[in-house]
Amino acid sequence: ILASGSADGIIKIFQVSKTGLRCLYVSENVTLMSPNSTLYPRPIFSLFQGEHGLVYYGDNGHNIKMLDWKNNQVVKFSNHTVDQGFTDSISGVRQLIITTSFDIDTGLGQLNIFGEREDQIPQYIATLSDLDTSRISVVRSGEDETGRVCIVTAGQQLKVWESVSESGSNTRETSSNVQGYVLALGDRGVLDSGSEEEEDDTEDEADHVQRGLGRDGQSIGSGAGTLQKSGTGFCNCSVM
C-alpha cells in the first residue's frame with residue numbers, strides 16, 4: 001500500500017502491483033470525527049503509515065490528522081501547545097510515532113513522541129528538545145540489533161538522537177544528553193488552526209523566525225521555549 005498527499009490537501013491510497021499502481025481511495029467528503037472542530041484543506045507536508053493501516057499526516061497547521069481511509073474518517077490530535085505551528089515530517093519505529101513541531105515564537109524545532117494505539121488517537125509520551133535546534137525539515141527513525149532507537153533530524157542542522165539507558169547515559173563523552181520533557185499535549189482539547197484565509201499572518205511570523213525575530217519583531221533569546229516536567233523511559237537521548 002502506498003499513500004500520497006498533495007498541495008490541495010487530498011490523500012490518495014494506492015495498491016502497488018507488478019503492473020503499476022491502482023488507486024484504492026481518495027480523501028473526498030471525508031468525515032471529521034473530532035467534536036467541535038472543522039477540517040480545512042491544507043497543503044500536506046508529511047505522511048506516515050502506521051502499524052494498524054492508518055495514515056497520519058501533517059500540514060501547515062498545528063494539529064496532526066489521523067486518517068482511517070477504509071472508513072473515510074479523520075481525527076485531529078494536538079502536535080503543538082499553541083494555535084500556530086508546522087508539522088514538516090513524521091516517522092515511526094516499533095509502535096512509536098515521531099513528529100516534528102516548530103515554535104514560531106522561539107524559532108526552535110523539537111520532536112514529539114507518541115505511542116500508536118488501535119482504534120484511537122496515539123498517546124502522547126514526551127517531547128525531545130535540546131533548545132539548540134532550528135526548524136526540522138526531515139525526521140527518520142530506526143532500530144538496531146540491540147534494540148536501541150536512533151532518530152535522524154535534518155534542517156539547518158543534521159543531528160542523530162540515540163536512546164540511552166540511565167546507566168549508560170554518560171558513556172559518550174562527545175555527545176550531549178537530552179532528557180525527554182512532557183508538555184500539555186495529552187491533556188488538552190484540539191484547537192482549530194483556522195482557514196487558509198487566516199494563514200497570512202502565520203506565514204509572516206514564520207518569515208520573522210527565519211530572520212531570528214519573534215512575532216513582535218524582537219530578537220529571539222536563547223532561553224526561550226522552556227519545557228515542562230521531565231519524561232522517562234525511551235525519551236532519554238544523546239545527541240551527536
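Which residue in E3 stands opposite Phe14? Cys23 does.

Some ground rules. This is a predicted model: local features need pLDDT of at least 70, side-chain atom pairs count only at pLDDT 80 or more, and totals for chains, interfaces and linings use all residues. Numbering starts from 1 along each chain as its sequence is written, and side-chain values use heavy atoms, with hydrogens and water left out.

Now the sheet. It is open, with three strands in the order E1-E2-E3, paired antiparallel. Strands here are DSSP runs of at least two residues, numbered from the N terminus. Pairing requires at least two DSSP bridges between two strands. At the edges sit E1 (2-5) and E3 (20-26), each pairing on one side only.

Take E1 and E2 (residues 11-17). Four bridges join them. Ala3 stands opposite Ile13 in E2.

Next, E2 and E3. Six bridges here, again antiparallel.

On the surface, Leu2, Val16 and Leu21 form a nonpolar patch, with about 270 Å² of accessible area together. Areas are Shrake-Rupley, with a 1.4 Å probe. Val16 lies in strand E2.

Last, the largest nonpolar core. It has 11 residues, among them Val93, Leu111 and Trp161. Core residues are buried (under 20% relative accessible area) and joined through side-chain atoms within 4.5 Å. Strands E10 (96-103), E11 (108-117), E13 (136-143) and E14 (149-155) each give two or more residues.

Conventions: Buried means under 20% relative accessible area, exposed over 50%, partly exposed in between (1.4 Å probe, protein chains only). Patches are made of residues with over 30% relative accessible area and no salt bridge: like charges are joined within 9 Å, nonpolar side chains (Val, Leu, Ile, Met, Phe, Trp, Tyr) within 5 Å. A salt bridge is a side-chain nitrogen of Lys or Arg within 4 Å of a carboxyl oxygen of Asp or Glu.
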